[in-house]
Amino acid sequence: MSLIEAASPHTMNTYGRVPIALSHGQGSRVWDVNGKAYLDALAGIAVNTLGHNHPKLVPALQDQLAKIIHSSNYYHVPNQERLAAKLTELSGLTNAFFCCTGLEANEAAIKLARKFGHDKGIERPQIVVYEKAFHGRSIATLSATGNEKVQKGFGPLVEGFIRVPLNDIDALKAATEGNPAVVAVFFETIQGEGGINPMRVDYLKQVRQLCDQRGWLLMIDEVQCGMGRTGKWFAHQWAGIVPDVMPLAKGLGSGVPVGAVVAGPKAANIFQPGNHGTTFGGNPLAMRAGVETIRIMEEDGLLENAASVGDYLRAALTSELGSLKGFKEIRGQGLMLGMELDKPCGALVNRAAEAGLLISVTADTVVRLLPPLIFTRADADECVGILAPLVKAFLAE
């Protein structure tokens, strides 16, 4: 039997792709078009919350497909209200806006912050953002992102952002001292693309307090670290704080594109008809995916699973690799883990795929694991069994 080559000659060359094409999946496993199986420790980059072909999700989506896929936001969409009510209940916030992607959710958050400022008479509002942050690739979200490599070639960037280092409250205070134009602080609880860099619990509390003192919006990007990935619905909940604005996406629809901005009292009524909108966002299929994803997560105890299997996976990797020369540390929480090595390790992505494991490398030196929240201890053992020897061999080179 001749092998099917994975190639996309008519598709724009925007990705450094692994040379495989996936055909189908089941649970935490996927198969390529040539029938080779892989353990999926990436979940479409934190998207496939329920893994693949979930027995409760698929029939619900099939049911919705046969009813109505898309209407328009000219009309009420009942599952929009159901999903909004659920997200506000889980977050302690009050209202939601639905879009399709994390980029759109972050773009909406930036617009909310600017209008918040304009409504207070601030002509050129400024938003505090962070080193190593990643908020998307539109011109505004790219400008908020803290990575010169992805910004290069797309200037001039949008003005209105003040950049500060992580976990340093004095730096935040110094950067904003005496500046009446500041309207919001915007960050990821755990930076994803930036290398799995967590905000400390004490820092999160300090920033919440500072925003309250100064009348700023606290905007927390939970696009990658939210939706149960760390063992709580949203990663900032480990600090016991509530944001004013919270962009979501990735895991919210288990693979169906769903983005959301959830807002509390300070921000929920900033947008009025005509201020913001979307064609595809909040359509009946996407909303059904969001409603069912959360229902299944609750029924199947997936937050508890993410926390316990994540701890188990982290301990197993630390035990296997922690004492090696060239191994720096493991960061993250639950099923969002980053293993930093002392040299660029992009080569591990292809080597892992050859060995039947899907992972990613981010920030050049960080092996990133974002498996589906259905991952089991047996899956974790298999993951470590494949990955540890590859890392050992790589560090020995």
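The axes of helix α7 (residues 169-176) and helix α8 (residues 201-214) come within 10 Å and cross at roughly 25°. Axes here are lines fitted to C-alpha atoms, for helices over the stretch in contact, and angles run from 0 to 180 degrees between N-to-C directions. Helices (H or I, at least four residues) and strands (E, at least two) are DSSP runs, numbered from the N terminus.

This is a predicted model: local features need pLDDT of at least 70, side-chain atom pairs count only at pLDDT 80 or more, and totals for chains, interfaces and linings use all residues. Residues are numbered from 1 along each chain as its sequence is written, and side-chain values use heavy atoms, with hydrogens and water left out.

## Helix pairs

Back to the opening pair. α7 and α8 are therefore roughly parallel to each other. Angles under 35 degrees count as roughly parallel, over 145 as roughly antiparallel, 65 to 115 as roughly perpendicular and the rest as oblique. The crossing of α7 and α8 is right-handed. A crossing is left-handed if the near helix is turned anticlockwise from the far one by less than a right angle, and right-handed if clockwise.

Which residues make the contact of α7 and α8? From α7 come Ile 169, Leu 172, Lys 173 and Thr 176. From α8 come Tyr 203, Gln 206, Val 207, Leu 210 and Arg 214. Contact means heavy atoms within 4.5 Å. These residues divide into 5 nonpolar, 2 polar and 2 charged.

Next come helix α3 (residues 78-91) and helix α9 (residues 284-299), which pack at about 40° with their axes 8 Å apart. That angle makes α3 oblique to α9. α3 passes α9 in a left-handed crossing. On the α3 side, the contact includes Leu 83, Leu 87 and Leu 90. On the α9 side, Val 291 and Ile 294 are among the residues. The contact of α3 with α9 divides into 6 nonpolar, 3 polar and 4 charged residues.

Helix α11 (residues 347-354) packs against helix α12 (residues 377-396) at about 140°, with the axes 10 Å apart. That makes α11 oblique to α12. Their crossing is right-handed. Ala 347, Leu 348, Arg 351 and Ala 352 in α11 meet Leu 390, Val 391 and Phe 394 in α12. This contact has 6 nonpolar residues, no polar ones and 1 charged.

| Helix pair | Angle | Axes |
|---|---|---|
| α7 and α8 | roughly 25° | within 10 Å |
| α3 and α9 | about 40° | 8 Å apart |
| α11 and α12 | about 140° | 10 Å apart |

## Sheets

An open sheet of 4 strands has the order β13-β14-β17-β16, with antiparallel pairing. Two strands pair if DSSP finds at least two bridges between them. The edge strands are β13 (327-333) and β16 (360-362), and each pairs on one side only. Neighbouring strands of this sheet are turned by 25° against each other on average, direction ignored. β16 and strand β17 (residues 366-369) run antiparallel and are joined by 3 bridges. Ser 360 has Arg 368 in β17 as its bridge partner.

Helices also lie across this sheet's strands. Helix α10 (residues 302-321) lies across β13, β14 (336-341) and β17, and runs at about 175° to β13. α12 lies across β13, β14 and β17 as well, running at about 20° to β14.

Another open sheet of 4 strands has the order β1-β2-β3-β15, and its pairing is mixed. Strand β3 (residues 37-40) pairs with β15 in the parallel sense over 2 bridges. Asp 40 stands opposite Leu 358 in β15.

## Aromatic pairs and backbone details

How many aromatic pairs does the structure hold? There are 3 aromatic pairs. Rings of Phe, Tyr and Trp (its six-membered ring) pair if their centres lie within 6.5 Å; planes under 30 degrees apart count as stacked, over 60 as edge-to-face and the rest as tilted. Tyr 130 and Phe 187 form an edge-to-face pair, 5.6 Å centre to centre with 80° between the planes. Tyr 130 lies in strand β5 (residues 126-130) and Phe 187 in strand β7 (residues 182-188), so the pair ties together parts that are 57 residues apart in sequence.

The peptide bond from Gly 155 to Pro 156 is cis, with omega near 0°. Pro 156 is found in the loop between α6 (148-151) and β6 (161-164). Ile 45 lies in helix α1 (residues 43-46). Its phi is near 65°, a positive value in a residue other than glycine.

Key
Ala, Val, Leu, Ile, Met, Phe, Trp, Tyr, Cys and Pro count as nonpolar, Asp, Glu, Lys and Arg as charged, and the others, Gly among them, as polar.
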